Amino acid sequence: MELKINGAIRNVDVEDNMPLLWVLRDELNMTGTKYGCGVSACGACTVQIDGVATRTCTLPASAAVGKEIKTIEGVAANGQLSAIQKAWIEHQVPQCGYCQSGQIMAAEALLDSNPNPTDEDIDKSMTNICRCGTYQRIRSAIHTAAKWRAEETTLQG
Amino acid sequence: MGKWTRRAFIATGGLAGAGLIVGVAGIMHVNKAIKKYSGVGMGDGASLNAWVRIAPDNTITMAVPRAEMGQGVYTALPMLIAEELEVDMNQIEIVHPQPESPYANTFFLDPNPRKAYASYSLMAKVAAFLPVVGTGGSTSVKDLYDHLREMGATARAALIAAAAEKWGVTAADCYAESAHVINKKTKEKLTYGSLAEAASKVELDFNPPLKEQKDFKLLGKRIQRLDIPEKVTGAADFSIDVRPEGMLVAAIRHATYIGGTVNGITNIEEVEQMKGVKKVVMLEDGLGAAVVADNTWRAKNAAMALDFDEAGNTLENVSSADISKMLGEIVADESKMIATSEAYGDANAALNGEAKVIEANYEVPYLSHCTMEPLNCTMVINGDKCEVWVGHQGGSMVRDAINTVTEIPKENIKVNITYLGGGFGRRAELDFVKKAAMVAKQMPGTPIQLVFTREEDMKNGTYRPAVASNFKGTIGADGMIDAWENKMALQSVSSSFMLRTMPAMAEGPEKDPQTSEGAIELPYGRNNVSVQFGQLDLPALQVGNWRSVGASQNGFFSESFMDEMAHAAGQDPYEFRKKHIQKSDLPDAPRFLAVLNKVADMASWSTPLPEGKYRGIAILKSFGSIVGQVAEITKTDEKEISIDKVYCVIDCGRIVNPDTIEAQMQSGIIYGLTAALYNEITLDNGQVVQQNFPQYEMVRMNTSPTVAVHIMEVDEYPGGVGEPGTPPAAPALTNAIFAATGERVRSLPLNKLGYTFV
């Protein structure tokens with residue numbers, strides 16, 4: 001099957017029902033996307049599919065054919081970290097770091113659809129588990145990234 | 001200076017060829033092949049000791065032989081070296097070295113000279129025989145705070161000596177800054193890189209003095225963590241991410257029942273026909289099987305398809321209600337107590353006097369660690385050689401375990417410690433390493449990544465034990481506690497852990513100091529105290545070190561009963577604690593008092609909260625640090641609670657990286673609250689009921705409180721920070737719930753008592 005991942009076409013020979021997570025991790029060696037639960041409960045496997053934050057551990061890869069798949073590896077453009085990634089560093093968010101790919105993918109999707117989210121919006125959209133409990137810093141980092149993105153838009157405008 | 005020399009000797013003992021005197025060229029035991037997994041390479045250059053290597057291009061490579069599991073050790077330890085070595089944080093590269101003796105955790109060996117927490121006395125016995133290179137017990141900074149500064153200082157002195165010789169001046173004419181030696185008179189500069197070779201041959205005849213705290217440039221400052229940049233791009237490799245050439249995945253499936261065994265598999269041929277499957281391997285320990293395949297999902301599905309012929313269920317008739325009953329029977333029976341952990345005055349007499357006895361029974365359940373990265377281990381065995389990639393808290397334990405299973409000589413086992421996707425004590429265990437070895441040795445030459453699914457991980461834990469505590473107390477005529485008695489029942493964590501990992505050193509449960517952590521040496525002056533414990537014998541159900549260990553339950557018990565006593569005495573919980581701390585003769589009682597007062601002040605304790613809001617307070621010392629917390633909650637409905645804010649004050653002595661300390665407090669609190677709100681592992685006739693997050697919920701963004709942290713500035717030897725944030729979280733919350741509802745919470749989790757959280 002043909003998948004479009006981070007702008008590149010990738011061909012894989014897998015069962016239709018193999019979850020996208022395992023195509024990424026084991027067939028394409030793109031290990032930034034993580035396995036956490038296998039039942040779409042924790043969000044460690046979150047990527048964007050056509051811009052929507054999607055848990056891939058239960059999503060058949062065949063369901064992503066013809067769509068734009070964006071993984072953590074595709075977030076930094078031309079070696080430049082995104083505003084969210086920079087904000088994650090600014091607020092020193094990650095601890096063990098295992099869930100953070102999924103958190104960042106969820107946060108990117110949130111800010112793409114809602115450039116200035118309230119705390120309530122963040123509560124609703126950011127549902128991934130972080131066992132290290134970095135939620136408070138994730139929240140602060142999202143607000144900072146929203147501000148930076150707005151400033152960037154203003155500058156460009 | 002004597003101490004220094006002794007430590008240097010311990011540090012290098014048993015390492016052939018290494019320098020025996022600090023400052024003499026040592027051998028940098030770094031495995032170059034791990035570059036990929038530690039993010040940096042060694043490069044060229046010269047070693048100034050086992051911890052510092054400097055390349056001609058002025059790259060400063062530091063060894064960090066402790067597991068980075070989120071607690072910031074890959075930054076804190078380099079900071080200690082860099083402070084004295086006079087290098088900038090952005091000049092540092094890190095390697096995780098092989099688990100050689102210079103890197104043994106000597107805190108396991110000899111914690112007492114540090115006047116620090118003696119919880120690892122069992123480990124100390126082990127360390128006396130084996131150099132344990134391990135991470136746990138919040139020991140990394142406690143162990144290395146002096147030693148690494150000494151390593152930095154001696155390396156700097158050697159570099160200065162080399163420069164002085166080159167310039168024909170004295171060392172006093174030079175100083176060091178940002179990895180350069182500078183000539184005071186001529187302002188000439190030489191890079192460390194240009195001096196390292198010569199410096200590595202310098203023999204120092206003195207111990208350079210360490211900096212005074214006022215001169216610190218790094219320690220005590222908020223320093224950005226070195227591991228974070230690669231953790232925001234997906235580039236950081238956990239052991240589940242390693243992909244050695246030709247690697248196959250082995251999905252493990254254990255017997256259905258805890259401690260159960262598998263006699264055979266009735267459909268091996270069928271399963272071996274499944275797509276991608278290479279081999280079905282029966283584990284030699286009889287506890288299960290693994291399916292080796294070319295993809296994790298295929299391996300997992302095939303493992304699920306195995307038909308086990310299972311034998312034995314040693315816990316056949318044991319369910320959680322039975323365990324609860326057994327624990328209750330132990331705490332109710334004085335004769336079942338196997339050891340006394342603290343006793344003074346005469347609690348028995350005081351409890352049989354005139355005063356009204358306040359009695360309460362507490363109980364908490366088994367808990368899973370639930371590291372975010374499910375357990376896994378990658379290994380390749382080639383004849384008498386082995387290489388392993390694993391996120392593990394004990395590099396030397398990994399090597400020893402592989403040696404035990406495979407008989408491959410230890411020196412032929414290359415151990416690559418990757419980032420850990422959470423440790424919390426679960427990654428101090430060896431089950432996943434040994435099982436990887438059992439599979440890998442049946443697939444010689446092929447790298448095998450053994451993976452537990454989340455379900456296998458949750459069902460085959462080394463759980464925090466279920467624990468019961470029976471408290472009795474009396475209040476004297478002065479309104480102060482007169483008698484305090486606590487009888488505990490549980491399975492000994494140290495005994496269970498040591499039997500699994502280092503059986504020759506295992507001791508009986510009566511010798512387990514971890515059982516009493518958080519139950520004894522409370523900072524409260526009381527006349528008559530008795531703390532005892534009994535053992536629940538249930539060896540098939542393994543218990544282990546769960547973030548903050550004994551203090552995880554005892555903090556909840558002790559600080560809840562303290563609240564009950566305050567209530568019985570008709571006094572404010574903060575004022576009541578304060579008076580008892582003032583009465584305490586513990587040497588660090590003044591530090592407790594300062595923490596308590598500070599957290600009450602932060603939370604504006606004396607100012608009444610608006611209607612519908614309530615607060616609770618708790619304080620505990622664990623792992624050498626004192627932590628006080630106030631939880632502020634809103635009662636949004638009958639049994640519906642919002643945890644709005646947690647105020648947290650820590651006294652961990654000298655501060656290394658305040659940002660990390662703050663992060664660890666936030667983390668420890670969420671960890672403690674998650675267990676308090678949602679978590680229990682229960683047994684149904686020998687089978688673990690909970691399988692995955694839907695049955696073992698976590699605090700998430702919407703239920704996470706804001707945590708405000710204050711770090712006391714105290715010029716004392718450092719305590720730990722990875723664990724001490726956890727124990728006060730539950731009692732601060734449940735004491736607030738008591739204030740809100742009048743219901744005294746004596747068992748967890750709260751959702752089982754009908755509470756919901758918003």
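Two strands count as paired if DSSP finds at least two bridges between them.

**Before you click**

This is a predicted model, in which local features need pLDDT of at least 70, side-chain atom pairs count only at pLDDT 80 or more, and totals for chains, interfaces and linings use all residues. Residues are numbered from 1 along each chain as its sequence is written, while chains are lettered from A and ligands numbered from 1 in the order in which they are written. The predictor gives the complex an ipTM of 0.98 and a pTM of 0.94.

**Colour chain B by pLDDT**

pLDDT is the predictor's confidence in each residue, from 0 to 100. Chain B has a mean of 91, and 91% of its residues reach 70 or more. Select residues 1-41 of chain B: pLDDT there is below 50, and the stretch has 84 contacts in the model beyond near neighbours in sequence. A contact means two C-beta atoms, placed from the backbone, within 7 Å. Next select 111-121 of chain B. There pLDDT stays under 50 as well, with 24 contacts beyond four places in sequence. Where pLDDT is low, the predicted coordinates should not be read in detail.

**Select the four-stranded sheet of chain B**

Helices (H or I, at least four residues) and strands (E, at least two) are DSSP runs, numbered from the N terminus. The sheet is open, runs in the order 1-2-3-4 and has mixed pairing. Which strands stand at the edges? They are strand 1 (46-49) and strand 4 (92-95) of chain B; each has a single partner strand, so one side of each is left without a neighbour in the sheet. Neighbouring strands are turned by 30 degrees against each other on average, direction ignored.

Zoom in on strand 2 (residues 52-54) and strand 3 (residues 60-63) of chain B. They pair in the antiparallel sense over three bridges. Pick R53(B): T61(B) in strand 3 of chain B stands opposite.

Axes are lines fitted to C-alpha atoms, for helices over the stretch in contact, and angles run from 0 to 180 degrees between N-to-C directions.

- Helix 3 (residues 73-85) of chain B packs on the sheet and touches strands 2, 3 and 4, its direction making about 130 degrees with that of strand 4.
- Helix 6 (residues 140-167) of chain B also packs on the sheet; this helix touches strands 1 and 2, and its direction makes about 125 degrees with that of strand 1.

**Zoom out to the domains of chain B**

Domain bounds come from an automatic or database domain assignment. For chain B they are domain 1 (2-231), domain 2 (239-313 + 375-451) and domain 3 (320-367 + 463-757). Show where domains 1 and 3 of chain B meet: 28 residues of domain 1 are in contact with 28 residues of domain 3. On the domain 1 side, helix 3, helix 5 (121-129) and helix 6 of chain B each give two or more residues.

**Centre on T726(B)**

T726(B) sits in the loop between strand 27 (706-711) and helix 20 (729-741) of chain B. Is T726(B) buried or exposed? T726(B) is buried, because it has 31 C-beta neighbours inside 10 Å; the cut-offs within 10 Å are 20 or more other C-beta atoms for buried, 12 or fewer for exposed, and partly exposed in between. Beyond four places in sequence, its contacts include R547(B), S552(B) and Y671(B).

**Finish on chain A**

Select domain 1 (2-74) and domain 2 (83-156) of chain A. Their centres, taken over C-alpha atoms, are 21 Å apart. Across the boundary, 15 residues of domain 1 are in contact with 13 residues of domain 2. Strand 3 (46-49) and strand 4 (52-55) of chain A each give two or more residues to the domain 1 side.
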